[in-house]
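Dear colleague,

Please read the notes with the coordinates open.

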Amino acid sequence: MKALSKGNGDRRKLFGTDGIRGVANIHPMTSEIALQLGRAVAHVFKREARRHKILIGKDTRLSGYMLEQAMASGICSMGVDVLLVGPLPTPGIAFLTRSLRADAGAVISASHNAFQDNGIKFFAHTGFKLPDDVELEIERLVLEDDQIDHLRPTATEIGKAYRVDDAGGRYNVFVKNTFPKHLTLDGLRVVVDCANGAAYRVAPEVLEELGASVVKIGVDPDGENINDECGAVHPEALARAVFASGSHVGIALDGDGDRAMLVDETGEVVDGDEILAMAAREMLRCDSLHERTVVTTVMGNLGLDRAIEELGGRVVKTPVGDRYVVEEMVRGGYNLGGEQSGHVVFLDHTTTGDGLISALFVLALVADGGRPLSELRKVMTRYPQVLLNVKVSEKREMDRMPAVVKSIRAAEEALKARGRVLFRYSGTESLARVMVEGENSDVIRKLAGDIAAAVEREIGAT
């Protein structure tokens, strides 16, 4: 058992664990920074003497229009063309970046955050997120913009912007091709909550075209209602809708569609750990789980570890963040990984988390075996887990917080070998996350509360 403190690192000024994120129209999420990012990314990826292109997609936030146009302007100013695909899930941007042979892809989204926030993250031409060294090079060029100012092209060398009108259809076909050819969803009633986000059109279309009877919620974006009491971070409305409609499965996507939480036919939420356990069992049965290994983060439930071990597999842990999961998967040659939050990566199909592909994998299990999701999820038994978020004024190193260290050690001593404690900072928000896991809910709730109180006393935001 071990406490982990992980921040953004002292070298980074813009990029966090998942791109750049903040309140829209306040530094760093301004049109000026977006323009400079466009210039920097165009310069970094303009390595060969040929016509270049960078793809830009977004979710449904009001501020997406402002940032999209600013970034496109910056890219064009460096002699690189822009492909605009409009609202589309993050994994769709990764796919189209590869499919359309773009030099890079940009996603304008703050994922599960409220609408007033926004963010920008990038994919390389391979569809994978950028490594740290490339992000740092882009960041340096943004902060020292005059270094590339003399490289502005003129006349016919200035870039153009094109709209890709069939982007949604291309992604639709790609996702459906991950579903087993011998199966359909005929006879299944599915509720899908698209969080009023990027998947609001494509997710219901895919499910209906595969034969499901679909109940749609969270499909009326107005620029301000993304993730507003809906989607993967608020699955309560989905659970009520599944139970009320007598549906077989519910699917809750987040604002940019790269993660999914499910709901079984009884209205109980099924998270990413349980999706991983179900997928691992099936892939082990088919001998398709590479190295018999599942990659997850330090936040994964101990119940997942136990389940995979009992199935004859093993679990490899990474720091929190789907990019670290994917990096470890590529390094080790693994093909299944993900996070408790619902990011699940099937590397045989895609290069990043895809909530729709994850949901289709589970729906295939339901359709093929005739077993309800409430039964399939029993492959793992969840350990009680408490996660508390504490707003902080700074992300101080552990050795400078003696009261926090003392409370963590006391919790570890109380749990001994029957649980664990994890302390870390959010990579995208001013939050400290305290997680305590063990056999007794009352005990771990008190221990987590004690640690959170110590954090508030030391560095709590006023």
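Which residues do ring pairs link into a cluster? The cluster consists of F95, Y171 and F174. Please bear in mind that this is a predicted model, in which local features need pLDDT of at least 70, side-chain atom pairs count only at pLDDT 80 or more, and totals for chains, interfaces and linings use all residues. Residues are numbered from 1 along each chain as its sequence is written, and side-chain values use heavy atoms, with hydrogens and water left out.

Searching the whole structure gives five aromatic pairs, where rings of Phe, Tyr and Trp (its six-membered ring) pair if their centres lie within 6.5 Å, and planes under 30 degrees apart count as stacked, over 60 as edge-to-face and the rest as tilted. One of them is the stacked pair of F95 and F174, with 4.2 Å centre to centre and 10 degrees between the planes. This pair links distant parts of the chain, since F95 belongs to helix 3 (residues 90-99) and F174 to helix 5 (residues 167-176), 79 residues apart; helices here are DSSP runs of H or I with at least four residues, numbered from the N terminus. F95 is buried at a relative accessible area of 13%, and F174 is also buried at 13%, where buried means under 20% relative accessible area, exposed over 50% and partly exposed in between (1.4 Å probe, protein chains only).

F346 and F361 are stacked as well, because their ring centres are 4.8 Å apart and their planes are at 20 degrees.

Best regards

Methods:
Helices (H or I, at least four residues) and strands (E, at least two) are DSSP runs, numbered from the N terminus.
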